[in-house]
Amino acid sequence: EMFKEYPDILTVPQVAQALGIGRKAAYALVKDKKLGHIRVGRTIKVPKFSLEEFIKTARNNIVL
């Protein structure tokens with residue numbers, strides 16, 4: 001299982017840490033609807049399965 005050290009529902013900073021990207025880049029993934037998320041008021045939550053799906057679909061779009 002990917003990201004097993006992370007909780008089932010992640011914050012955007014946790015997503016950034018898990019992907020090894022900056023917070024701005026992680027927020028851009030949410031804003032561009034590339035990463036499934038839930039808004040709770042002003043808070044953005046990302047289900048772990050959405051992060052895993054993002055990785056699985058991104059595997060087919062690797063640019064070298």
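## Charge

The protein chain carries 12 positive and 6 negative side chains, with the centres of the two sets 10 Å apart. Here Lys and Arg count as positive and Asp and Glu as negative, leaving out His and the chain ends; each charge is placed at NZ of Lys, CZ of Arg, CG of Asp or CD of Glu.

## About the model

This is a predicted model, where local features need pLDDT of at least 70 and side-chain atom pairs count only at pLDDT 80 or more, while totals for chains, interfaces and linings use all residues. Residues are numbered from 1 along each chain as its sequence is written, and side-chain values use heavy atoms, without hydrogens and water.

## Fold and dimensions

You will find three helices and three strands in the protein chain, in the order β-α-α-β-β-α from the N terminus. These are DSSP runs numbered from the N terminus (helices: H or I, at least four residues; strands: E, at least two).

The C-alpha trace spans about 40 × 25 × 15 Å along its principal axes. Among contacts (heavy atoms within 4.5 Å) between residues at least 6 apart in sequence, 49% join residues at least 24 apart.

## Burial and surface

Of the 64 residues, 28% are buried, that is, under 20% relative accessible area with a 1.4 Å probe, counting protein chains only. In helix H3 (residues 48–58), the buried residues are Lys48, Ser50, Leu51, Glu52 and Phe54. Their cover includes strand S1 (9–11), helix H1 (12–19), helix H2 (23–31) and strand S3 (43–47).

Terms used: Buried < 20%, exposed > 50% of the residue type's maximum accessible area, 1.4 Å probe, protein only.
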